[in-house]
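Subject: Structure handover

Hello,

Here is the protein I promised to pass on. Please open it before you read further.

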Amino acid sequence: MHRITTAPVAPIPARTRWAVAVGAGAALAAAWWLGDTAPYPYAQRGLLDVPLPFLTADRMDAVLRPRPGERILEIGPGTGLQSLHVAPQLGSEGRLDVLDIQQEMLDHVMCRAERDGLATITPTRSDARELPYADGTFDAIYAVTALGEIPEPDRVLREAARVLAPGGRLVIGEFFDRHWIPFGRLHRLADAAGLHLTERRGPSPAYLARFRPCGDHAPVRQGDHLADGDRESVNTTRGDRDHRAEQPGAR
């Protein structure tokens, strides 16, 4: 009987294993980047409930400053991560309108709202470039990681300025992805839409920024004054419009 022998398998060098891992990671990252379509696909909704660095609920509260009795609009609510946090702060007399182009997202938000016993959220399926609301309707508007997914964000900002009530505020949150709007670009678009910056928190790849309509001389509500740190933030960010070094992949 002949004994069959096999040569020992040589171990894969660590350098090769590392190269394979890096290549696989790069392929996954490329697939995610190229597959990140707009609007965000409902099939990938699970990722929308993952809190993002610098865009935490506490930071959102500090910049948006929701108050009982206010009517607020959320553009692009996704699955409701922000909606379910903001709506309870408006109280029984307040109202949160959520607007999205995808009915599946709105249905998802409303199912979660019903589960949590929230009856103050109103869904509207529409295009954010043509908001179906009268002038001066909202005390505040916010869009978190949504503005960059909408074609012609300049039109969205102009519409937001139109439907804001006197003394109203607009909060934009952006996080670095394929549809990210660098802060410098947002600042220029907001200027052109007649909105001026009152506060920014976070670096350009992950920031929250609050704006008011330019020339808005309505009385500032109690608790809405800029803190010293906020004024410093405004002053330092004005130069961002001319310095694009912090904005990799600026569009």
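Predicted model: local features only at pLDDT ≥ 70, side-chain atom pairs only at ≥ 80, totals over all residues.

**The fold.** The protein has seven helices and seven strands. Starting at the N terminus, their order is α-α-β-α-β-α-β-β-α-β-α-β-β-α. Of its 251 residues, 42% are buried. Take the contacts between residues at least 6 apart in sequence: 75% of these join residues at least 24 apart. The protein exposes about 13200 Å². Carbon and sulfur atoms supply 58% of that area.

**Salt bridges.** The count comes to 15. Here are some to look up.

Start with R162 and E159, whose side chains meet in a salt bridge at 2.9 Å, N to O. Both sit in helix α5 (residues 153-163). They are three residues apart there, so about one helical turn separates them. R162 is partly exposed, at 27% relative accessibility. E159 is buried, at 15%.

Next, find E199. Which side chains does E199 meet in salt bridges? One is R201, at 2.4 Å, N to O. Another is R210, at 2.9 Å, N to O. E199 counts as buried, at 0% relative accessibility. R210 is buried too, at 1%. R201 is partly exposed, at 28%.

Last, there is a network. Salt bridges with shared partners join D127, R129, E130, E152 and R155.

Best wishes

How values were computed. Residues numbered from 1 in each chain as written. Heavy atoms only, no water. Helix = DSSP H or I, 4+ residues; strand = E, 2+ residues; numbered from the N terminus. Buried < 20%, exposed > 50% of the residue type's maximum accessible area, 1.4 Å probe, protein only. Contact = heavy atoms within 4.5 Å. Areas by Shrake-Rupley, 256 points an atom, 1.4 Å probe, with all protein chains shown as cover. Salt bridge = Lys/Arg side-chain N within 4 Å of Asp/Glu carboxyl O.
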